[in-house]
Amino acid sequence: MSPESTGQNEHHIGVLRRRFRAWRGNRPFWAGLFTILGGLPIAYFPYASLKLGNMTLAMSTTAGAGSLIIGVLLVTLGLTMWFHHIVRVFAGVAAILLALVSIPVANIGGFVIGFLFSLVGGALSISWAPGEPEDADGTPPAERTHEEHSADALHGPVTVPQQQGAAFGTAADADGGSHRAG
């Protein structure tokens with residue numbers, strides 16, 4: 001076996017890491033992660049209780065169901081950003097609106113933690129755009145010159161369509177080139 005044949009000696013973790021990196025690069029991954037991380041404290045804090053010795057401190061409020069719904073919707077929107085990135089703008093706007101609604105409904109937006117994570121996740125989702133693929137030679141499109149971009153857009157020799165002469169008797173010649181209304 002030669003030292004150049006790295007394909008057979010590759011470790012499975014390296015392969016999984018590259019697959020995950022490729023999957024992550026084709027969707028708003030960080031936007032979805034921040035939105036999911038924002039939805040968890042919003043849904044959890046109204047149902048949490050803290051034990052301090054013999055004393056129990058409960059955070060439950062009358063709006064527990066509302067905060068649970070907001071938290072579950074934010075987690076769902078985060079998963080939507082990952083698996084249906086076509087609707088990323090809608091999911092981002094909905095995440096921002098739900099984060100704003102969570103301030104009065106869900107214990108100041110999950111004690112501001114869930115609010116901030118959801119707000120950042122929604123903004124990242126709206127601003128994300130799919131990248132352009134690299135060329136065959138490995139140069140990203142941002143490093144190419146304008147001439148290379150325009151040459152790539154053309155798929156053959158530059159041809160100019162020939163205009164028809166007046167000898168073909170078009171309708172424009174019959175009425176002197178004027179429109180019916182004018």
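What follows is a chat about the helices, core and a few residues of this predicted model.

Biologist: Before we start, what should I know about the numbering and the model?
Modeller: Residues are numbered from 1 along each chain as its sequence is written, and side-chain values use heavy atoms, with hydrogens and water left out. This is a predicted model, where local features need pLDDT of at least 70 and side-chain atom pairs count only at pLDDT 80 or more, while totals for chains, interfaces and linings use all residues.

Biologist: OK. How many helices and strands are in the chain?
Modeller: The chain has eight helices and two strands. Those are DSSP runs numbered from the N terminus: helices are H or I with at least four residues, strands are E with at least two. From the N terminus on, the order is α-α-β-β-α-α-α-α-α-α.

Biologist: And what share of the residues count as buried?
Modeller: Of the 182 residues of the chain, 25% are buried. Buried means under 20% relative accessible area, exposed means over 50%, and partly exposed is in between, with a 1.4 Å probe and protein chains only.

Biologist: Let's do helix packing. How do H2 and H3 pack?
Modeller: Their axes are 7 Å apart, at an angle of about 165°. Axes are lines fitted to C-alpha atoms, for helices over the stretch in contact, and angles run from 0 to 180 degrees between N-to-C directions. H2 and H3 are therefore roughly antiparallel. Angles under 35 degrees count as roughly parallel, over 145 as roughly antiparallel, 65 to 115 as roughly perpendicular and the rest as oblique.

Biologist: Is that crossing left-handed or right-handed?
Modeller: H2 passes H3 in a left-handed crossing. Left-handed is when the near helix is turned anticlockwise from the far one by less than a right angle; right-handed is when clockwise.

Biologist: Which residues of H2 and H3 meet there?
Modeller: On the H2 side they include Phe29, Leu33, Ile36 and Leu40, and on the H3 side Leu68, Val75, Leu79 and Trp82 are among them. Contact here means heavy atoms within 4.5 Å. The residues of the H2 and H3 contact divide into 15 nonpolar, seven polar and no charged. For those classes, Ala, Val, Leu, Ile, Met, Phe, Trp, Tyr, Cys and Pro are nonpolar, Asp, Glu, Lys and Arg are charged, and the others, Gly among them, are polar.

Biologist: Zoom in on Ala43 and Ser67. Where do they sit, and are they buried or exposed?
Modeller: Ala43 is in helix H2 (residues 29-44), and it counts as buried at 16% relative accessibility. Ser67 is in helix H3 (residues 64-83) and is buried, at 0%. Not counting residues up to four places away in sequence, Ala43 touches Ser67, Leu68 and Gly71.

Biologist: What about H2 and H6? How do they cross?
Modeller: The axes of H2 and H6 come within 7 Å and cross at roughly 155°. H2 and H6 are therefore roughly antiparallel, and H2 passes H6 in a left-handed crossing. The contact of H2 with H6 has eleven nonpolar, eight polar and no charged residues.

Biologist: And H4 with H6?
Modeller: Helix H4 (residues 88-105) and helix H6 (residues 113-127) have axes that come within 7 Å and cross at roughly 160°. H4 passes H6 in a left-handed crossing. The residues of this contact divide into eleven nonpolar, five polar and one charged.

Biologist: Changing topic: which residues make up the largest nonpolar core?
Modeller: The eleven residues are Ala31, Ile42, Ile70, Leu74, Leu77, Met81, Ala91, Ala94, Ala95, Leu98 and Ala106. H2, H3 and H4 are the elements that give two or more residues to this core. A nonpolar core is a set of buried Ala, Val, Leu, Ile, Met, Phe, Trp, Tyr and Cys residues joined through side-chain atoms within 4.5 Å.

Biologist: Pick Met81. What is Met81 in contact with?
Modeller: Leaving aside neighbours within four places in sequence, the contacts of Met81 include Arg27, Ala31, Thr35, Ala91, Ala95, Gly121 and Ser125.

Biologist: Last one: what is phi of Val112 near?
Modeller: Phi of Val112 is near 65°, a positive value in a residue other than glycine. Most residues other than glycine have a negative phi. Val112 is in the loop between helix H5 (107-111) and H6, and at 37% relative accessibility Val112 counts as partly exposed.
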